[in-house]
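Subject: Structure for you, with notes on the ligand site

Hello,

Here is the structure I promised to pass on. Please open it alongside this message; my notes follow it.

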Amino acid sequence: MKIEQAYTIVTSPGRNFVTLKIVTDQGEYGIGDATLNGREMAVVAYLEEHVIPMLIGRDPQRIEDIWHYLYRGAYWRRGPVTMSAIAAVDMALWDIKAKLAGMPLYQLLGGKSRDRVMVYGHATGRDIDACLEEVARHVDEGYKAVRVQAGVPGIATIYGVAKKDGEPYEPADADLPAEHVWSTSKYLNHVPKLFAAVRERFGDDLHVLHDVHHRLTPIEAARLGKEVEPYHLFWLEDCVPAENQEAFGLIRQHTTTPLAVGEVFNSLYDAKALIENQWIDYIRATLTHAGGITHMRRIADLAGLYHVRTGFHGPTDLSPVCLGAAIHFDTWVPNFGIQEYMPHTSATDEVFPHDYRFEDGHFIVGEKPGHGVDIDEQLAKQYPYKRASLPVNRLEDGTLWHW
Ligand SMILES: O=C(O)[C@H](O)[C@@H](O)[C@H](O)[C@H](O)CO
Ligand SMILES: [Mg+2]
């Protein structure tokens, strides 16, 4: 069996998505998600110029060998563009292998470790009251876990909070990056009040999460972790940028609030010290940005040795292809923690027909052979690519900060 054809499909049903389709000489095909928010066309160029020509004629069943050919064989290793391209190939090849086996992907990975996959949704509001209403809506819809992000008095625009209450949040909202202004002190003073209000209204059983989006220093993160301890967060996410993995060692000494990190990681080496030192509780790297199923299995297995569980990144800027494959992975992986879920627009769901379903705060995996997600290429053509950038952040004195 040989790979006869491979091509990228860029579509923007509300936001940009990059999909790689691989077709074999026997007519079987698989698809993978290659979406890197705000840098989509860099991955398309990498795939078209450097990856696809090398795939033609190879045996699609040799997933492991193709992974190493693309990783080691490139000489230049890692990085989000390279690893998203490799991930898309890997996801498409697992899709093909599972279709050839006549099995849903989770069966090929080792079968079910659980019947359903707990997800967390996003509640966002411009102030605490509006945010509590959104938490209530999620609880009514069956969610058992909710990420809570509210506006902070004195900060005009903040990560995770939609421009209008009740609307979904989309960060890549401008042709060129919007500029936000950030105040660490205003933020730190406000967040404990938000979680006090959440626990007061919703009691102890609801799992609550919060995303700091990389904005604090280690000692500031330690303070926040301590101050929210009474509210028993499921996790505190990305509390500092993680290039310097040792930073988490400092935070860890100060707080029992569980720590999650990794949505911008693209390899095991980004997380090695974090995992081996047990500085974190949840690893958030996901299939599309961290080298696909083949590499995420290695990360999850290492994590499992150190009591670290998975908490895959699942924003709307990953396509339903990634989400579908992730739900198979989540259904299998022994050390599963939780799956992030931001619902895609109905236009996106139409372009990417899928067989996973949301029920009572959980995803239920589908039974179709492969990862269960397809692409309607004709419909995809109706939504042309439109450049969209993530914002940048500045301190009140103008210094460029982490967004
Ligand atoms: O926890 C999350 O879901 C993330 O922080 C996202 O909202 C990112 O900001 C986005 O994926 C960037 O492209
Ligand atoms: Mg995040």
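In the counts by class below, Ala, Val, Leu, Ile, Met, Phe, Trp, Tyr, Cys and Pro are nonpolar, Asp, Glu, Lys and Arg are charged, and the others, Gly among them, are polar. By that scheme, the lining of the largest pocket has 18 nonpolar, 13 polar and 10 charged residues. Please keep in mind that this is a predicted model.

The pocket

The largest pocket holds about 1200 Å³ of space. It is lined by 41 residues, and those closest to its centre are His213, His214, Val264, Leu390 and Trp403. Two elements each give two or more residues to this lining: β15 (392-395) and β16 (400-401).

The ligand

Where is ligand 1? It sits in the largest pocket. Around ligand 1 there are 14 residues, with Asn37, Tyr159, His213, Glu263 and Glu340 the closest. Sorted by class, this shell has seven charged, four nonpolar and three polar residues.

- Asparagine 37: an N or O atom of its side chain is 2.8 Å from an oxygen atom of ligand 1.
- Histidine 313: the distance from a side-chain N or O atom to an oxygen atom of ligand 1 is 3.2 Å.
- Arginine 147: here the distance between a side-chain N or O atom and an oxygen atom of ligand 1 is 3.3 Å.

On its own, ligand 1 has 340 Å² of accessible area, and the protein covers 94% of it.

The cavities

How many cavities of 30 Å³ or more does the structure hold? There are two.

The largest cavity contains about 50 Å³ of space. Its lining consists of Gln149, Ala150, Ile158, Tyr159, Val161, Trp182, Tyr187, His210, Asp211, Val212 and Arg215. The elements that supply two or more of these residues are β5 (145-150) and β7 (207-211). Seven of the lining residues are nonpolar, two are polar and two are charged.

His313, Gly314, Pro315, Leu318, Cys322, Leu323 and Gln339 line it. Four of them are nonpolar and three polar, with no charged residues. His313 is in this lining, and its side chain also has the 3.2 Å distance to ligand 1 listed above.

Regards

Terms used: Residues are numbered from 1 along each chain as its sequence is written. Chains are lettered from A and ligands numbered from 1 in the order in which they are written. This is a predicted model: local features need pLDDT of at least 70, side-chain atom pairs count only at pLDDT 80 or more; totals for chains, interfaces and linings use all residues. Side-chain values use heavy atoms; hydrogens and water are left out. A residue is near a molecule or strand if one of its heavy atoms lies within 4 Å of it. A polar contact is a pair of N or O atoms within 3.5 Å; within protein, one must be able to donate a hydrogen and the other to accept it, and residues adjacent in sequence count only if both atoms are side-chain atoms. Accessible areas come from the Shrake-Rupley method with a 1.4 Å probe; for residues, only the protein chains shown count as cover. On a 1 Å grid over the protein atoms alone, a cavity is a set of points where a 1.4 Å probe fits but cannot get out, and a pocket is an open set with protein on both sides within 12 Å along at least five of seven lines; lining residues have an atom within 4 Å of a point. A molecule sits in a cavity or pocket if more than half of its atoms lie within 2 Å of its grid points. Grid points are joined across faces, edges and corners, and a volume is the space filled by probe spheres set on the points. Helices (H or I, at least four residues) and strands (E, at least two) are DSSP runs, numbered from the N terminus.
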